[in-house]
Amino acid sequence: MSRSILEALTLSTAMRCVPHDGCSLLLRVQASLTLHESLRGLEACSMSLDTQETQCQSVRVSRASRRLHVGQQLQVHFECFEVSVAQSLYVTLRTVPHFCGVRLDQQYHVEAGKFSYWVDRGRKVILVQVPEARADSDYYVRLCLKWFTCEDVGAPVRVTVNRVSRAVSLPYSRELPCLCLEGWSATPDAVRMQACPFENDTEALWDAIRYHPGSQALSWEPACPVSGHVSLCWRPEPGALCHELEHSGRPARGRVQYPLVDRQPQLCLKFSTGRGFWVRCPFERLGFPALPASRCTCVTKGRCGPLPATQRSRPRLSLQPQVASWLTPRLPSW
C-alpha cells in the first residue's frame, strides 16, 4: 500500500465544559487520507512523554463505503483525548490493518492558557486580565523578579471564583527587563504562566551606579541578569565618543567595582551588550561634586618649566591622565 494515502496530521486543543461537572481539556486529532479498498479504518494514539501513558482510538470504514468512495480524499476527526496543561505528547496515526511504513507521527506540547495585560506607564501599574479557570478553582497572580527563579515583588493577589471582575491591578516601581507577571491556578502542582512586559527595556539597568567617598570606589550592580561588558571610558565633552580606558574591562554578570576613582566629569562607565552600548557619566550629576582641584597635570602652549607648588597636582592615584605632550595627548589608562 502506498504511504501517500495518509496525507496530513493536524493537532490542536479545545475546552469541553459539562454543566455541574466542570471543564476538561481535549486534544483534537485531524487526519486527511485517500480511501483504499484494503483500508478498514484508522487508529490514532496519544502517548504522554512524562508518564508513558497511552490512549488510542480508532475509526472504522464500512465495506460499502470503501467500495463507493475508493480513491476519494476524506477528513477524519478524533476529539476524545483528555490532556492537561503543559503536557508533552507523542501522537501517531496508523491504518487498520497496520501496513508497514504507512503512518504519521508528531510531537505536541499543550500550552497553558495565556493571560492578557496592559501597562500604564504613567501610573506605573500593570492591569492583568486573569484567564477563565476551572469552575471550582481560584487563581493567583503576582509580580516577580526573574533570576534563576522568580522572586516575589509584593504578595500574590488571589482572584476568587465568585469574583465579578477578573481584572487585577499590580503597581510596580521600576521598569526592569526581569520584572515579570506570573499566574497560576489554586490547584496542587498547577503550571505557572509568565510574561515579562519590559524584557526589552534595559535602560534602568545602567543607572545602578554608586560612589563611596570614603573608599573612593565606583561600583555598579545589575538589578537583573545581564550578559555583557563594563569598562571605564573617557569622554572629552558631552555627546562625544567615549574612549575605553585600558585594562578597565569587566564582565557584566554581577557586581563590578573600581577602587580609588577620582571624580572627574569626563570619566564614564560604558556598558556593552548584544543589543548595543550605553554610556553613563555619574560625576556630571549634582549628587557627585568634583574635588576642589583636579588630579590631572595639564601641559599647555606658552608655559615652560615646573609649575608653582600651589598649582601642581596632588599625588597621583591609580587613575590619572598621562599627558606626554600638548601636541600628542594620550588617553588615561586604568
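This tour visits aromatic pairs and charges over rings in a predicted model.

Residues are numbered from 1 along each chain as its sequence is written. Local features need pLDDT of at least 70, side-chain atom pairs count only at pLDDT 80 or more, totals for chains, interfaces and linings use all residues, and side-chain values use heavy atoms, without hydrogens or water.

**Aromatic pairs.** The whole structure holds seven. Rings of Phe, Tyr and Trp (its six-membered ring) pair if their centres lie within 6.5 Å; planes under 30 degrees apart are stacked, over 60 edge-to-face, the rest tilted.

Select Tyr172 and Phe198. This pair is tilted, with centres 5.2 Å apart and 55 degrees between the planes. Tyr172 is in the loop between strands S13 (167-171) and S14 (179-185), and Phe198 in the loop between S15 (193-195) and S16 (209-212), so the pair ties together parts 26 residues apart in sequence. Strands are DSSP runs of E, at least two residues, numbered from the N terminus. Tyr172 is buried at 8% relative accessibility, Phe198 at 0%. Buried means under 20% relative accessible area (1.4 Å probe, protein chains only).

Next, select Tyr211 and Phe283. Their centres are 5.3 Å apart and their planes at 90 degrees, so the pair is edge-to-face. Tyr211 sits in strand S16, Phe283 in the segment after strand S23 (276-280), 72 residues apart. Both residues are buried.

Then show Trp206, Trp220, Phe271 and Trp278: ring pairs join them into a cluster.

**Charges over rings.** The test is NZ of Lys or CZ of Arg within 6 Å of the ring centre and within 35 degrees of the ring normal. Select Arg192: it lies over the face of Trp184, 3.7 Å from the ring centre. Finish at Lys270, whose charged end sits over the ring of Phe277, 4.8 Å from its centre.

Definitions and conventions: Helices (H or I, at least four residues) and strands (E, at least two) are DSSP runs, numbered from the N terminus. Buried means under 20% relative accessible area, exposed over 50%, partly exposed in between (1.4 Å probe, protein chains only).
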